[in-house]
Every structure is written in C-alpha cells, then in structure tokens.
Amino acid sequence: MYLAEWQDVTGGNFVVQRRQIEALLGPRFRTLSGDGAALVSFVHEVQPAILHFQEIPETFVPFETQEQLYLADTPYAIYETSHSGSQDFVAAKRLLPDKFVLVSPHQMGLYEPLGVPCELLEYVLEPKVRGDRTEALQKLDLDPKVKHVLNVGLFTPGKNQGEAFEIARGMLGEAVQFHFVGNRAGNFEHYWGPLLPKMPANCRLWGERADVDSFYGAMDALLFTSKLECNPLVVKEALAWGLPVLMYDLPTYVGMRFNEQLVRWLEPAIEDNRALVRHVL
C-alpha cells in the first residue's frame, strides 16, 4: 500500500494520525503539495491495482488531473470513498469510478442512483474491557469523586460543542466536569474563537490526543452534540467501551443501529438535554 497525501496543511499541528501513517508506510508515504502532475507521476510509478480516493476527487483535485487518471484503458480500478452525507458531493461528480466504497446506509442511498457499484464498508470495533474507574481517572489526574462527561471531536459548527458548553453552564456548582478532546484548527476559528472566552469553568479542553482510549475507559458518559454526521466513529468507540452516549438522532443515521441500552437521544431544548445528562449520570 502507498499513500499520496494531496497537501499537508497541518503546519506541524494535529498530526496524531498522520504520524501513525508515516510510521506504517515510511517511504511509501508521499506528500504532493497540491501538485496534480506529481499525483499522476506517482500513480504511474507505483502502478497500483487499485487507485482509491479517500474523498470525492471533485472536491480537491483539479479536473484536468482527474481526466488523466480516469482514462478508459487504465490498468487499475478506481474506488472512491466520501466522508460527507451531503447531496452536493454527489451532484459534483463529473467522472465516475469503478466502485464507491461507502461508510453508511445513507450514503448508499445517495450514490446508488449514479449506476456505479456501491459497497458498504462500516468500521467495526471490538468490545473493550473497562478497568477500575478510580485508577483510570487518576491516570488522567482527575477526581474520582466527580462525574466526568466526555466530548470528542474537532471544534466545528457541525460538532456543535457550543451546545455542550451551555449544558455544562447550567450545571456549575454540581459535582460534574465536562472534557473536550479534539483540535481547534485555524480554518474553524470563526466558530471556536468567540466560543472559548465564554467557556464555563466546569469545562476542560484537552486538545488533540493520541490516547483517546484513556478517556473512553475513564469517563462516565459521552455527550455527542454533533448535528452533522455520516457514521460517527466517536459513538462506536464509546459504545465499544460500554460508555453511555447522549446524541442526536440525525436523518443521516437511517438504517443504522446503535446500542439501545446505552444510547439516549438528545432533544431540541437545552434544558431537557441538561436534565438527560443528570439522569444518565
């Protein structure tokens, strides 16, 4: 396996997953700096059996580059995966792959009308064994006498951490602490910039972490306020750890099943959701 990274825009930040990939692939990992000619050259050099785009190429690869790769007599099959549940991505398609490898039943409904074979490939997580809660919390230097609520995700309007802040604000003075694991990327500063100065005192930011399992294994509940999802791995990871999950029942979850014993659906009103957090804890 080889990986062509279209462009490195991290600036040395937010590189937890990138470093893991570099360690796995070594010289088979290459950054292209947004150069279409470099991508075509890399494909010709590698001569792959499968060319797999991890996002719809119309959203980031120049069309003239795509035309060179999507020739009718290519020796490789072309697969595409998308991480969006938006119809806009489907409408953008100009060149069709040999197969779509999709992450949710909702996506299957979007892409099947294009007449290209579609395969649903959901990420499966094995159940995890939770250890002693007190010991797990102490490793994070957290008080076991307090209930701890986790939120995992990049700070964006879609992830909706602002609502979690408001739920926490109404619980100031209670023995509950809210923890936010996830980076604050510069391209979303318009969202988190105004939000953070008003963050309530019972919230703690941890940034991007390589040890997210340590949080799943220690916390008392996951508060997943996201309103823009396809098939959220955060929820699957939390459920694998046996963690109660509070989340919105989004239209994009059509056909998906979650652990009914552990999942509680959030409501439109923040006060109702705050009461639900108290109930779950």
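The buried residues of helix H2 pack against strand S1 (3-5), strand S2 (29-31), S3 and H3; buried here means under 20% relative accessible area, exposed over 50%, and partly exposed in between, with a 1.4 Å probe and protein chains only. Packing is read from contacts, that is, heavy atoms within 4.5 Å. Helices (H or I, at least four residues) and strands (E, at least two) are DSSP runs, numbered from the N terminus. The model is a predicted one, in which local features need pLDDT of at least 70 and side-chain atom pairs count only at pLDDT 80 or more, while totals for chains, interfaces and linings use all residues. Residues are numbered from 1 along each chain as its sequence is written, and side-chain values use heavy atoms, with hydrogens and water left out.

Helix H2 covers residues 36-46, and its buried residues are Gly36, Leu39, Val40, Phe42 and Val43. Looking down the axis of H2, these buried residues fall within an arc of 160 degrees (taken from the directions from the helix axis to the C-beta atoms), so they line one face of the helix. Over on the other side of H2 sit Ala37, His44 and Glu45, which are exposed. The N-terminal end of H2 is capped by Asp35, with a side-chain oxygen 2.9 Å from the backbone nitrogen of Ala37.

Most residues other than glycine have a negative phi. Gln47 counts as exposed because its relative accessibility is 66%. Asp141 also has a positive phi, of about 60 degrees, although it is not a glycine. Asp141 lies in the loop between helix H6 (133-139) and strand S7 (147-152), and its 68% relative accessibility is why it counts as exposed.

Two glutamates come next. Glu163, in helix H7 (residues 161-169), is buried yet has no salt bridge, and the nearest side chain of opposite charge, Lys227, is 4.1 Å away. A salt bridge would need a side-chain nitrogen of Lys or Arg within 4 Å of a carboxyl oxygen of Asp or Glu; for charge, Lys and Arg count as positive and Asp and Glu as negative, with His and the chain ends not counted. What the side chain of Glu163 does make is a polar contact with the side chain of Asn273, at 3.0 Å. Such a contact is a pair of N or O atoms within 3.5 Å; within protein, one must be able to donate a hydrogen and the other to accept it, and residues adjacent in sequence count only if both atoms are side-chain atoms. Leaving out neighbours within four places in sequence, Glu163 is in contact with Thr225, Lys227, Tyr248, Ile270 and Asn273.

Glu55 lies in the loop between strand S3 (50-53) and helix H3 (63-69), and counts as buried because its relative accessibility is 17%. Not counting residues up to four places away in sequence, Glu55 touches Phe60, Thr81, Ser82, His83, Ser84 and Phe89.

Strands S4 (residues 77-80) and S5 (residues 99-102) run parallel and are joined by two bridges; strands pair if DSSP finds at least two bridges between them. The bridge partner of Glu80 in S5 is Phe100, and Phe100 stands opposite Cys118 in S6.

The chain as a whole has 11 helices and 12 strands. Of its 281 residues, 44% count as buried.
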